[in-house]
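Subject: Structure handover and findings

Hello,

Here is the structure I promised to pass on. Please open it beside this email and follow along.

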Amino acid sequence: LQQSQDLARLNEQLRAQLQALAVSQEQAVRASAAKTRFLAAASHDLRQPMHSVSLLMSVLRERLQQPEHLSLADKVSRSIGAMEHLFSGLLDISRLDAGAVHAQPGPQPLDDMLARVLCSYEPQAAAKGLRLQLRAPRGVLVRTDAAMLERVLGNLVANAVRYTASGGVLMAARLRGAEVLVQVIDTGPGIPAAHLDDVFEEFFRLDGGSGHPGGLGLGLSIVKRSLAMLGHPLQVRSRLGHGTSFGFLLPRVAGWPLMTDTTGVQP
Ligand code: ADP
């Protein structure tokens with residue numbers, strides 16, 4: 001009798017502990033959802049005025065004449081660009097966390113997509129004397145979500161331009177049977193082999209980002225999660241002192257005529 005009473009008491013204690021655990025788990029889930037909602041709302045609301053400031057700044061720049069004023073305006077524009085990049089990263093990661101991103105794949109012209117992304121980084125590259133190059137077969141259709149893929153490529157090119165001091169960035173697409181291998185290759189400092197996995201973790205930055213302030217360490221985590229959602233496997237190769245290449249495979253739209261004509265366009 002004593003034994004069965006002990007057992008019942010133990011059972012009761014266990015049930016109470018499990019209940020407490022469930023309550024604290026529920027609280028943690030609710031706190032995390034609140035954090036995600038706050039991040040999404042804050043980054044979304046901050047992005048809009050920042051975009052207006054950016055537009056006003058370019059209007060103002062048109063009216064400036066003196067070189068020192070122009071150079072100041074360029075510095076302000078660069079800072080605004082960095083802030084827009086931060087807010088976009090926060091918004092993207094919070095939308096991914098909230099499960100609010102849904103891939104909508106469809107047929108997309110590959111060369112147009114790549115050129116659009118590369119062109120938007122031309123000013124930053126030119127300011128550092130870096131050469132941007134696009135090498136892609138013309139007229140190839142791939143199946144992907146264009147908006148998501150452009151954000152992925154944007155993050156990769158932004159990093160390549162940010163971390164490369166000299167040389168340039170090549171965006172290359174090569175046909176691989178029923179797929180296309182897309183790569184963003186830079187001549188930057190490279191990533192140590194020991195950190196090739198870490199750089200995809202949220203908020204991880206090499207050396208804490210000491211050499212390059214301004215980033216949050218979210219870009220590559222957004223890249224990895226977005227590509228996983230799209231089902232495009234990611235590959236990364238890096239050699240210290242030589243550069244880094246990020247690549248992934250895109251499925252070609254079946255039946256689309258094979259054209260091997262390659263663009264060597266500089267955007
Ligand atoms: P952020 O660039 O905001 O720091 P990311 O998640 O995009 O965040 O990158 C994480 C870290 O990986 C960067 O801080 C940088 O140290 C390193 N990294 C990313 N891309 C490159 C690159 N192309 N070349 C060298 N290092 C890179």
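**Ground rules**

This is a predicted model, where local features need pLDDT of at least 70, side-chain atom pairs count only at pLDDT 80 or more, and totals for chains, interfaces and linings use all residues. Residues are numbered from 1 along each chain as its sequence is written, and side-chain values use heavy atoms, with hydrogens and water left out.

**Confidence**

pLDDT is the predictor's confidence in each residue, from 0 to 100. Its mean over the protein is 89. A value of 70 or more is reached by 93% of the residues. Take care with residues 263-267, where pLDDT stays under 50. The model still gives that stretch 15 contacts beyond four places in sequence. Contact means heavy atoms within 4.5 Å. The scores are ipTM 0.98 and pTM 0.81.

**Helix H2**

Start with H2, residues 67-97. Helices are DSSP runs of H or I with at least four residues, strands are runs of E with at least two, and both are numbered from the N terminus. H2 has 31 residues. From first C-alpha to last it reaches 45 Å, close to the 45 Å expected at 1.5 Å a residue. The expected span is 1.5 Å times one less than the number of residues.

Which residues of H2 are buried? They are Ala73, Ile80, Phe87, Gly89, Leu90, Leu91, Asp92, Ile93, Ser94 and Leu96. Buried means under 20% relative accessible area, exposed means over 50%, and partly exposed lies in between (1.4 Å probe, protein chains only). These buried residues pack against helix H1 (2-63), helix H5 (146-163) and helix H6 (219-230). Just after H2, Gly99 takes a positive phi of about 70°.

Two packed helices are described by the angle between their axes and the distance between the axes. Axes are lines fitted to C-alpha atoms, for helices over the stretch in contact, and angles run from 0 to 180 degrees between N-to-C directions. Angles under 35 degrees count as roughly parallel, over 145 as roughly antiparallel, 65 to 115 as roughly perpendicular, and the rest as oblique.

- H1: the axes of H1 and H2 come within 8 Å and cross at roughly 155°. H1 is therefore roughly antiparallel to H2.
- H5: H2 packs on H5 at an angle of about 140°, with axes 13 Å apart. That makes H2 oblique to H5. His85, Asp92 and Arg95 of H2 make the contact with Arg151, Asn155, Ala158 and Arg162 of H5.
- H6: the angle between H2 and H6 is about 40°, and the axes are 10 Å apart. H2 is therefore oblique to H6. Gly89, Asp92, Ile93, Leu96 and Asp97 in H2 meet Ser221, Ile222, Arg225, Ser226 and Met229 in H6.

Now look at Asp92, which lies in H2. Is Asp92 buried or exposed? Asp92 is buried, because its relative accessible area is 11%. Not counting residues up to four places away in sequence, Asp92 touches Arg151 and Ile222.

**Helix H6**

H6 has 12 residues, which should span 16 Å at 1.5 Å a residue. Its end C-alpha atoms are 16 Å apart, which agrees. Its buried residues are Gly219, Leu220, Ser221, Ile222, Val223, Ser226, Leu227 and Leu230. Their cover includes H2, strand S3 (141-144), H5, strand S6 (234-239) and strand S7 (243-251). Just after H6, Gly231 takes a positive phi of about 80°.

**Two loops**

Most residues other than glycine have a negative phi, and most peptide bonds are trans. Phe203 is not a glycine, yet has a positive phi of about 70°. Phe203 lies in the loop between S5 and H6.

Phe204 is found in the loop between strand S5 (179-186) and H6. Phe204 counts as partly exposed, because its relative accessibility is 26%. Leaving aside neighbours within four places in sequence, Phe204 is in contact with His195, Asp198, Val199 and Gly217.

Ala165 sits in the loop between H5 and strand S4 (168-176). Ala165 is exposed, because its relative accessible area is 65%. Ala165 touches Lys128 and Leu130, not counting residues up to four places away in sequence. Ala165 and Thr187 are 22 residues apart along the chain, and their C-alpha atoms are separated by 8.1 Å.

Best wishes
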